[in-house]
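Subject: Structure handover

Hi,

Here is the structure we talked about. My notes follow below it.

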Amino acid sequence: MKAIWKSYRDASLILKITVALVLGVIAGLVFGEDASVLTPLGDVLIRLLKFLILPLILFTLIVGVNQTRVSKLGRMGGKMFLYYVLTSSLAIIVGITVASLFDPGTGMTLDTKETFEVPENPGITSVLLSIIPENIVTAFSEFNLLGIIFTALTFGIAISYLRSSDQFHEAGEQVYKLVDGLNEATLVIMKAVLQYVPIGIFAIMANTVGSQGMDTLVSLGNMVLVLYAAIAVQIGLYILFMIFFKIRPGRFFAQARTPMITAFVTQSSSGTLPLTLNAAKNLGLSKSLYGFSLPLGATINMDGAAIRIAVSAVFAANVIGEPLTISEMLVVVLIGTLASIGTAGVPGAGIVMIATVFAQLGLPMETVALLTAIDALVGMGATALNVTGDLVGTAIIDKTEKDEVESV
(Lines give C-alpha, C1' and ligand atoms only; values in the text may rest on other atoms or scores of the structure.)
Protein backbone atom coordinates (compact mmCIF):
# COMPACT_ATOMS: atom_id res chain seq x y z
CA MET A 1 0.00 0.00 0.00
CA LYS A 2 2.86 2.37 0.85
CA ALA A 3 4.46 1.66 -2.52
CA ILE A 4 1.22 2.52 -4.35
CA TRP A 5 0.83 5.76 -2.39
CA LYS A 6 4.47 6.69 -3.06
CA SER A 7 4.04 6.08 -6.80
CA TYR A 8 0.87 8.18 -6.84
CA ARG A 9 2.44 10.97 -4.77
CA ASP A 10 5.59 11.13 -6.88
CA ALA A 11 3.77 11.13 -10.25
CA SER A 12 3.43 14.56 -11.90
CA LEU A 13 0.19 16.37 -11.11
CA ILE A 14 -0.62 16.99 -14.77
CA LEU A 15 -0.27 13.25 -15.53
CA LYS A 16 -2.62 12.37 -12.68
CA ILE A 17 -5.16 14.98 -13.76
CA THR A 18 -5.03 13.86 -17.41
CA VAL A 19 -5.58 10.21 -16.45
CA ALA A 20 -8.42 11.26 -14.12
CA LEU A 21 -10.01 13.30 -16.92
CA VAL A 22 -9.95 10.38 -19.38
CA LEU A 23 -11.19 7.86 -16.81
CA GLY A 24 -13.96 10.27 -15.79
CA VAL A 25 -15.22 10.58 -19.38
CA ILE A 26 -15.15 6.77 -19.80
CA ALA A 27 -16.98 6.22 -16.50
CA GLY A 28 -19.61 8.81 -17.44
CA LEU A 29 -20.25 7.19 -20.84
CA VAL A 30 -20.36 3.66 -19.39
CA PHE A 31 -22.50 4.27 -16.29
CA GLY A 32 -24.55 7.25 -17.49
CA GLU A 33 -26.65 8.90 -14.79
CA ASP A 34 -25.56 6.21 -12.30
CA ALA A 35 -22.21 8.02 -12.22
CA SER A 36 -23.92 10.59 -9.99
CA VAL A 37 -23.02 8.30 -7.07
CA LEU A 38 -19.54 9.86 -7.36
CA THR A 39 -20.90 13.39 -6.79
CA PRO A 40 -19.77 13.61 -3.12
CA LEU A 41 -16.14 13.03 -4.18
CA GLY A 42 -16.37 15.97 -6.55
CA ASP A 43 -18.08 18.12 -3.92
CA VAL A 44 -15.19 17.45 -1.55
CA LEU A 45 -12.73 18.88 -4.10
CA ILE A 46 -14.82 22.03 -4.59
CA ARG A 47 -15.11 22.48 -0.82
CA LEU A 48 -11.36 22.00 -0.28
CA LEU A 49 -10.48 24.54 -2.96
CA LYS A 50 -13.01 27.07 -1.65
CA PHE A 51 -11.71 26.44 1.87
CA LEU A 52 -8.28 27.66 0.71
CA ILE A 53 -9.42 30.73 -1.23
CA LEU A 54 -9.99 33.10 1.69
CA PRO A 55 -6.66 32.51 3.52
CA LEU A 56 -4.76 32.47 0.22
CA ILE A 57 -6.13 35.84 -0.90
CA LEU A 58 -5.87 37.44 2.53
CA PHE A 59 -2.37 36.32 3.47
CA THR A 60 -0.81 36.35 -0.03
CA LEU A 61 -2.02 39.87 -0.71
CA ILE A 62 -0.96 41.26 2.68
CA VAL A 63 2.51 39.73 2.26
CA GLY A 64 2.66 40.93 -1.35
CA VAL A 65 1.77 44.51 -0.46
CA ASN A 66 4.61 44.53 2.07
CA GLN A 67 7.10 43.53 -0.61
CA THR A 68 6.47 46.48 -2.90
CA ARG A 69 5.66 50.20 -2.87
CA VAL A 70 2.02 51.28 -2.81
CA SER A 71 2.61 53.50 -5.88
CA LYS A 72 3.85 50.47 -7.80
CA LEU A 73 0.77 48.50 -6.74
CA GLY A 74 -1.48 51.24 -8.11
CA ARG A 75 0.41 51.28 -11.41
CA MET A 76 0.10 47.51 -11.76
CA GLY A 77 -3.61 47.71 -10.95
CA GLY A 78 -4.16 50.28 -13.71
CA LYS A 79 -2.36 48.10 -16.24
CA MET A 80 -4.36 45.07 -15.13
CA PHE A 81 -7.73 46.79 -15.49
CA LEU A 82 -6.80 48.06 -18.97
CA TYR A 83 -5.82 44.52 -19.94
CA TYR A 84 -9.16 43.16 -18.68
CA VAL A 85 -11.20 45.65 -20.72
CA LEU A 86 -9.16 45.17 -23.91
CA THR A 87 -9.09 41.36 -23.84
CA SER A 88 -12.80 41.11 -22.95
CA SER A 89 -13.65 43.31 -25.93
CA LEU A 90 -11.27 41.34 -28.13
CA ALA A 91 -12.82 38.05 -26.98
CA ILE A 92 -16.31 39.22 -27.99
CA ILE A 93 -15.00 40.32 -31.41
CA VAL A 94 -13.34 36.90 -31.84
CA GLY A 95 -16.57 35.17 -30.81
CA ILE A 96 -18.71 37.17 -33.25
CA THR A 97 -16.22 36.67 -36.11
CA VAL A 98 -15.89 32.90 -35.67
CA ALA A 99 -19.63 32.43 -35.11
CA SER A 100 -20.46 34.52 -38.19
CA LEU A 101 -18.23 32.27 -40.30
CA PHE A 102 -19.94 29.05 -39.18
CA ASP A 103 -23.48 30.34 -38.45
CA PRO A 104 -24.50 28.07 -35.54
CA GLY A 105 -28.26 27.68 -35.07
CA THR A 106 -29.16 28.08 -38.74
CA GLY A 107 -32.07 25.77 -39.60
CA MET A 108 -33.00 25.02 -35.97
CA THR A 109 -36.57 25.45 -34.71
CA LEU A 110 -37.27 27.41 -31.55
CA ASP A 111 -39.55 25.82 -28.96
CA THR A 112 -41.54 28.78 -27.64
CA LYS A 113 -42.85 26.67 -24.73
CA GLU A 114 -39.38 26.55 -23.21
CA THR A 115 -38.87 29.12 -20.48
CA PHE A 116 -36.04 29.89 -18.10
CA GLU A 117 -36.01 32.15 -15.07
CA VAL A 118 -33.07 34.51 -15.43
CA PRO A 119 -31.38 35.72 -12.22
CA GLU A 120 -31.53 39.47 -11.70
CA ASN A 121 -28.58 41.48 -13.03
CA PRO A 122 -27.24 43.56 -10.13
CA GLY A 123 -25.49 46.02 -12.47
CA ILE A 124 -22.07 47.62 -12.37
CA THR A 125 -22.95 50.07 -9.56
CA SER A 126 -23.85 47.25 -7.20
CA VAL A 127 -20.62 45.42 -8.02
CA LEU A 128 -18.55 48.57 -7.40
CA LEU A 129 -20.25 49.17 -4.04
CA SER A 130 -19.56 45.58 -3.01
CA ILE A 131 -15.82 46.36 -3.17
CA ILE A 132 -16.18 48.10 0.22
CA PRO A 133 -17.92 45.60 2.53
CA GLU A 134 -20.29 46.79 5.25
CA ASN A 135 -18.18 44.75 7.68
CA ILE A 136 -15.31 42.30 7.40
CA VAL A 137 -17.27 39.33 8.74
CA THR A 138 -19.96 39.80 6.07
CA ALA A 139 -17.35 39.98 3.31
CA PHE A 140 -15.84 36.70 4.47
CA SER A 141 -19.11 34.86 5.19
CA GLU A 142 -20.71 35.91 1.89
CA PHE A 143 -17.50 35.10 0.03
CA ASN A 144 -17.33 38.57 -1.48
CA LEU A 145 -13.99 38.33 -3.33
CA LEU A 146 -13.85 42.05 -4.12
CA GLY A 147 -14.53 42.86 -0.47
CA ILE A 148 -11.87 40.40 0.69
CA ILE A 149 -9.33 41.94 -1.72
CA PHE A 150 -10.18 45.41 -0.40
CA THR A 151 -9.75 44.20 3.20
CA ALA A 152 -6.41 42.54 2.44
CA LEU A 153 -5.11 45.63 0.62
CA THR A 154 -6.19 47.93 3.44
CA PHE A 155 -4.55 45.86 6.17
CA GLY A 156 -1.52 45.20 3.99
CA ILE A 157 -0.93 48.93 3.50
CA ALA A 158 -1.53 49.59 7.22
CA ILE A 159 1.01 46.93 8.23
CA SER A 160 3.49 48.36 5.72
CA TYR A 161 3.03 51.79 7.32
CA LEU A 162 3.64 50.35 10.80
CA ARG A 163 6.82 48.62 9.65
CA SER A 164 8.18 51.84 8.15
CA SER A 165 7.39 54.01 11.19
CA ASP A 166 9.80 54.53 14.09
CA GLN A 167 7.13 54.31 16.77
CA PHE A 168 5.37 51.09 15.66
CA HIS A 169 8.15 49.36 13.72
CA GLU A 170 8.49 46.41 16.10
CA ALA A 171 4.72 45.82 16.29
CA GLY A 172 4.47 46.01 12.49
CA GLU A 173 7.26 43.46 12.07
CA GLN A 174 5.61 41.06 14.51
CA VAL A 175 2.26 41.26 12.73
CA TYR A 176 3.96 40.81 9.35
CA LYS A 177 5.88 37.73 10.54
CA LEU A 178 2.63 36.23 11.84
CA VAL A 179 0.84 36.80 8.52
CA ASP A 180 3.85 35.51 6.57
CA GLY A 181 3.85 32.36 8.72
CA LEU A 182 0.12 31.85 8.15
CA ASN A 183 0.70 32.30 4.41
CA GLU A 184 3.36 29.56 4.42
CA ALA A 185 1.05 27.31 6.46
CA THR A 186 -1.68 27.81 3.86
CA LEU A 187 0.73 26.77 1.10
CA VAL A 188 1.55 23.58 3.04
CA ILE A 189 -2.18 22.78 3.25
CA MET A 190 -2.51 23.46 -0.48
CA LYS A 191 0.23 20.93 -1.28
CA ALA A 192 -1.80 18.30 0.56
CA VAL A 193 -5.02 19.32 -1.26
CA LEU A 194 -3.24 18.97 -4.63
CA GLN A 195 -2.94 15.23 -4.00
CA TYR A 196 -6.74 14.97 -3.93
CA VAL A 197 -7.37 17.08 -7.05
CA PRO A 198 -7.22 14.14 -9.56
CA ILE A 199 -9.78 12.15 -7.54
CA GLY A 200 -12.19 15.07 -7.45
CA ILE A 201 -11.71 15.76 -11.16
CA PHE A 202 -12.47 12.11 -12.00
CA ALA A 203 -15.73 12.29 -10.01
CA ILE A 204 -16.87 15.64 -11.46
CA MET A 205 -16.08 14.59 -15.03
CA ALA A 206 -17.88 11.25 -14.68
CA ASN A 207 -20.98 12.95 -13.24
CA THR A 208 -20.99 15.70 -15.89
CA VAL A 209 -20.63 13.34 -18.84
CA GLY A 210 -23.09 10.89 -17.28
CA SER A 211 -25.79 13.52 -16.78
CA GLN A 212 -25.28 15.43 -20.05
CA GLY A 213 -24.75 12.36 -22.23
CA MET A 214 -23.92 12.39 -25.92
CA ASP A 215 -27.45 13.28 -27.08
CA THR A 216 -27.18 16.88 -25.87
CA LEU A 217 -23.76 17.30 -27.42
CA VAL A 218 -24.96 16.00 -30.79
CA SER A 219 -28.20 18.02 -30.85
CA LEU A 220 -26.44 21.32 -30.26
CA GLY A 221 -23.00 20.18 -31.41
CA ASN A 222 -22.52 22.96 -33.96
CA MET A 223 -22.92 25.63 -31.27
CA VAL A 224 -20.44 23.84 -28.98
CA LEU A 225 -17.88 23.33 -31.75
CA VAL A 226 -18.06 26.98 -32.83
CA LEU A 227 -17.55 28.15 -29.25
CA TYR A 228 -14.50 25.93 -28.80
CA ALA A 229 -13.11 27.11 -32.14
CA ALA A 230 -13.41 30.71 -30.90
CA ILE A 231 -11.70 29.74 -27.63
CA ALA A 232 -8.84 28.19 -29.63
CA VAL A 233 -8.45 31.45 -31.60
CA GLN A 234 -8.38 33.46 -28.35
CA ILE A 235 -5.68 31.18 -26.91
CA GLY A 236 -3.74 31.68 -30.15
CA LEU A 237 -3.93 35.45 -29.55
CA TYR A 238 -2.68 34.93 -25.98
CA ILE A 239 0.33 33.10 -27.41
CA LEU A 240 1.02 36.00 -29.79
CA PHE A 241 0.80 38.42 -26.85
CA MET A 242 3.28 36.34 -24.88
CA ILE A 243 5.69 36.12 -27.80
CA PHE A 244 5.47 39.91 -28.26
CA PHE A 245 6.35 40.46 -24.59
CA LYS A 246 9.09 37.79 -24.78
CA ILE A 247 7.34 35.29 -22.53
CA ARG A 248 7.97 31.66 -23.43
CA PRO A 249 4.57 30.01 -24.14
CA GLY A 250 5.93 26.50 -23.53
CA ARG A 251 7.10 27.35 -20.02
CA PHE A 252 3.88 29.26 -19.36
CA PHE A 253 1.53 26.44 -20.34
CA ALA A 254 3.63 23.86 -18.49
CA GLN A 255 2.46 25.58 -15.29
CA ALA A 256 -0.89 26.94 -16.50
CA ARG A 257 -2.29 23.62 -17.73
CA THR A 258 -3.12 22.36 -14.22
CA PRO A 259 -5.44 25.29 -13.31
CA MET A 260 -6.77 25.29 -16.90
CA ILE A 261 -7.85 21.64 -16.71
CA THR A 262 -9.21 22.06 -13.18
CA ALA A 263 -11.22 25.12 -14.26
CA PHE A 264 -12.49 23.14 -17.27
CA VAL A 265 -13.81 20.37 -15.05
CA THR A 266 -15.07 22.39 -12.08
CA GLN A 267 -16.47 25.32 -14.12
CA SER A 268 -15.36 27.69 -11.36
CA SER A 269 -12.76 30.44 -11.80
CA SER A 270 -12.84 31.32 -8.09
CA GLY A 271 -12.81 27.64 -7.08
CA THR A 272 -9.67 27.11 -9.16
CA LEU A 273 -7.98 30.17 -7.64
CA PRO A 274 -5.65 28.22 -5.27
CA LEU A 275 -4.21 26.32 -8.24
CA THR A 276 -3.96 29.50 -10.34
CA LEU A 277 -2.03 31.25 -7.56
CA ASN A 278 0.24 28.21 -7.28
CA ALA A 279 0.91 28.32 -11.04
CA ALA A 280 1.82 32.02 -10.82
CA LYS A 281 4.23 31.23 -7.98
CA ASN A 282 5.85 28.43 -10.01
CA LEU A 283 6.22 30.82 -12.97
CA GLY A 284 8.23 33.13 -10.74
CA LEU A 285 5.76 36.02 -11.00
CA SER A 286 5.75 38.79 -8.41
CA LYS A 287 3.72 37.88 -5.33
CA SER A 288 2.68 41.51 -4.90
CA LEU A 289 1.15 41.36 -8.40
CA TYR A 290 -0.53 37.96 -8.60
CA GLY A 291 -1.77 38.28 -5.01
CA PHE A 292 -4.38 40.79 -6.18
CA SER A 293 -4.51 40.38 -9.98
CA LEU A 294 -5.64 36.74 -9.96
CA PRO A 295 -8.39 37.10 -7.31
CA LEU A 296 -9.56 40.26 -9.08
CA GLY A 297 -9.42 38.53 -12.47
CA ALA A 298 -11.41 35.56 -11.14
CA THR A 299 -14.14 38.06 -10.27
CA ILE A 300 -14.28 40.54 -13.17
CA ASN A 301 -12.11 39.25 -16.04
CA MET A 302 -14.18 36.84 -18.13
CA ASP A 303 -12.77 36.36 -21.62
CA GLY A 304 -14.40 32.93 -21.89
CA ALA A 305 -17.75 34.33 -20.80
CA ALA A 306 -17.33 37.16 -23.33
CA ILE A 307 -16.86 34.64 -26.16
CA ARG A 308 -19.86 32.73 -24.87
CA ILE A 309 -21.99 35.90 -25.05
CA ALA A 310 -20.93 36.59 -28.64
CA VAL A 311 -21.46 33.05 -29.94
CA SER A 312 -24.79 32.76 -28.10
CA ALA A 313 -26.03 36.02 -29.62
CA VAL A 314 -25.17 34.90 -33.17
CA PHE A 315 -26.73 31.48 -32.43
CA ALA A 316 -30.00 33.00 -31.13
CA ALA A 317 -30.25 35.41 -34.08
CA ASN A 318 -29.79 32.55 -36.54
CA VAL A 319 -32.37 30.37 -34.78
CA ILE A 320 -35.07 33.02 -35.39
CA GLY A 321 -33.79 33.61 -38.92
CA GLU A 322 -32.61 37.19 -38.36
CA PRO A 323 -28.77 37.28 -38.50
CA LEU A 324 -27.09 40.13 -36.60
CA THR A 325 -26.40 43.37 -38.46
CA ILE A 326 -23.09 45.22 -38.12
CA SER A 327 -24.63 47.75 -35.71
CA GLU A 328 -26.08 44.93 -33.58
CA MET A 329 -22.66 43.29 -33.47
CA LEU A 330 -21.21 46.54 -32.13
CA VAL A 331 -23.93 46.54 -29.45
CA VAL A 332 -22.88 43.00 -28.49
CA VAL A 333 -19.26 44.17 -28.10
CA LEU A 334 -20.21 47.17 -25.94
CA ILE A 335 -22.95 45.62 -23.79
CA GLY A 336 -21.15 42.27 -23.57
CA THR A 337 -17.97 43.89 -22.21
CA LEU A 338 -19.93 45.82 -19.57
CA ALA A 339 -22.10 42.82 -18.71
CA SER A 340 -19.06 40.59 -18.14
CA ILE A 341 -17.98 43.01 -15.39
CA GLY A 342 -21.42 43.96 -14.11
CA THR A 343 -22.51 40.39 -13.36
CA ALA A 344 -19.29 39.39 -11.61
CA GLY A 345 -19.68 36.88 -8.81
CA VAL A 346 -23.41 36.28 -9.42
CA PRO A 347 -24.72 32.67 -9.34
CA GLY A 348 -25.53 31.72 -12.93
CA ALA A 349 -23.44 34.66 -14.16
CA GLY A 350 -23.14 33.20 -17.67
CA ILE A 351 -26.92 33.09 -18.10
CA VAL A 352 -27.29 36.60 -16.63
CA MET A 353 -24.79 38.02 -19.12
CA ILE A 354 -26.42 36.29 -22.08
CA ALA A 355 -29.91 37.42 -21.01
CA THR A 356 -28.68 41.02 -20.57
CA VAL A 357 -27.33 41.14 -24.12
CA PHE A 358 -30.39 39.37 -25.55
CA ALA A 359 -32.67 41.94 -23.90
CA GLN A 360 -30.73 44.79 -25.53
CA LEU A 361 -30.92 43.17 -28.96
CA GLY A 362 -34.53 42.02 -28.67
CA LEU A 363 -33.60 38.36 -29.04
CA PRO A 364 -36.12 35.83 -27.64
CA MET A 365 -35.48 34.63 -24.08
CA GLU A 366 -36.64 31.16 -25.14
CA THR A 367 -33.21 30.70 -26.72
CA VAL A 368 -31.67 31.14 -23.26
CA ALA A 369 -33.58 28.06 -22.15
CA LEU A 370 -32.31 26.23 -25.24
CA LEU A 371 -28.73 27.16 -24.38
CA THR A 372 -29.05 25.86 -20.81
CA ALA A 373 -29.14 22.33 -22.28
CA ILE A 374 -25.45 22.69 -23.10
CA ASP A 375 -24.60 24.98 -20.22
CA ALA A 376 -22.10 22.55 -18.65
CA LEU A 377 -20.31 21.81 -21.93
CA VAL A 378 -20.07 25.50 -22.80
CA GLY A 379 -19.22 26.56 -19.25
CA MET A 380 -16.25 24.20 -19.13
CA GLY A 381 -14.44 25.80 -22.05
CA ALA A 382 -15.40 29.34 -21.05
CA THR A 383 -14.12 28.91 -17.49
CA ALA A 384 -10.83 27.40 -18.65
CA LEU A 385 -10.32 30.42 -20.91
CA ASN A 386 -11.20 32.81 -18.06
CA VAL A 387 -8.43 31.34 -15.92
CA THR A 388 -5.97 31.31 -18.83
CA GLY A 389 -6.65 34.97 -19.56
CA ASP A 390 -6.06 35.91 -15.91
CA LEU A 391 -2.67 34.16 -15.88
CA VAL A 392 -1.61 35.57 -19.25
CA GLY A 393 -2.45 39.10 -18.13
CA THR A 394 -0.55 38.65 -14.87
CA ALA A 395 2.49 37.29 -16.71
CA ILE A 396 2.45 40.20 -19.18
CA ILE A 397 2.11 42.88 -16.48
CA ASP A 398 4.85 41.17 -14.47
CA LYS A 399 7.12 41.26 -17.53
CA THR A 400 6.48 44.97 -18.15
CA GLU A 401 7.21 45.77 -14.50
CA LYS A 402 10.50 43.88 -14.59
CA ASP A 403 11.47 45.56 -17.87
CA GLU A 404 10.85 49.00 -16.30
CA VAL A 405 13.12 48.14 -13.37
CA GLU A 406 15.87 46.92 -15.72
CA SER A 407 15.66 50.07 -17.85
CA VAL A 408 16.11 52.37 -14.85
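Start with the contacts (heavy atoms within 4.5 Å). Among those in the protein between residues at least 6 apart in sequence, 84% join residues at least 24 apart.

Some ground rules. This is a predicted model, where local features need pLDDT of at least 70 and side-chain atom pairs count only at pLDDT 80 or more, while totals for chains, interfaces and linings use all residues. Residues are numbered from 1 along each chain as its sequence is written, and side-chain values use heavy atoms, leaving out hydrogens and water.

Confidence next. pLDDT is the predictor's confidence in each residue, from 0 to 100. Its mean over the protein is 80, and 83% of residues reach 70 or more. One is residues 112–116, with eight contacts beyond four places in sequence. The other is residues 342–347, with 19 such contacts.

The fold has 18 helices and zero strands. Both are DSSP runs, numbered from the N terminus: helices are H or I with at least four residues, strands are E with at least two.

UniProt, in an unreviewed entry, lists "transmembrane region" at several spans, including 81–102 and 225–245. Such annotations may be inferred rather than shown by experiment; positions follow the numbering used here, and feature names are shortened. In the model, residues 81–102 are 100% helix, with end C-alpha atoms 32 Å apart. Residues 225–245 are 95% helix, and their end C-alpha atoms lie 31 Å apart.

Now the inside. Of the 408 residues, 52% are buried. Buried means under 20% relative accessible area, exposed over 50%, partly exposed in between (1.4 Å probe, protein chains only).

A nonpolar core is a set of buried Ala, Val, Leu, Ile, Met, Phe, Trp, Tyr and Cys residues joined through side-chain atoms within 4.5 Å. The largest one has 103 residues. Helix α3 (residues 39–65) gives the most to this core, 12 residues. I201, F252, I307, L324, V332 and L391 have the most contacts inside it. What does I201 touch, leaving aside neighbours within four places in sequence? I17, A20, L21, L45, T262 and V265. A second, separate core has five residues, among them A27, A35, L38 and A206.

Last, helix α8. This helix covers residues 169–194 and has 26 residues. Its C-alpha span from first to last is 37 Å, close to the expected 38 Å (1.5 Å times one less than its number of residues). Its buried residues include Y176, V179, N183, T186, L187 and M190.

Best wishes
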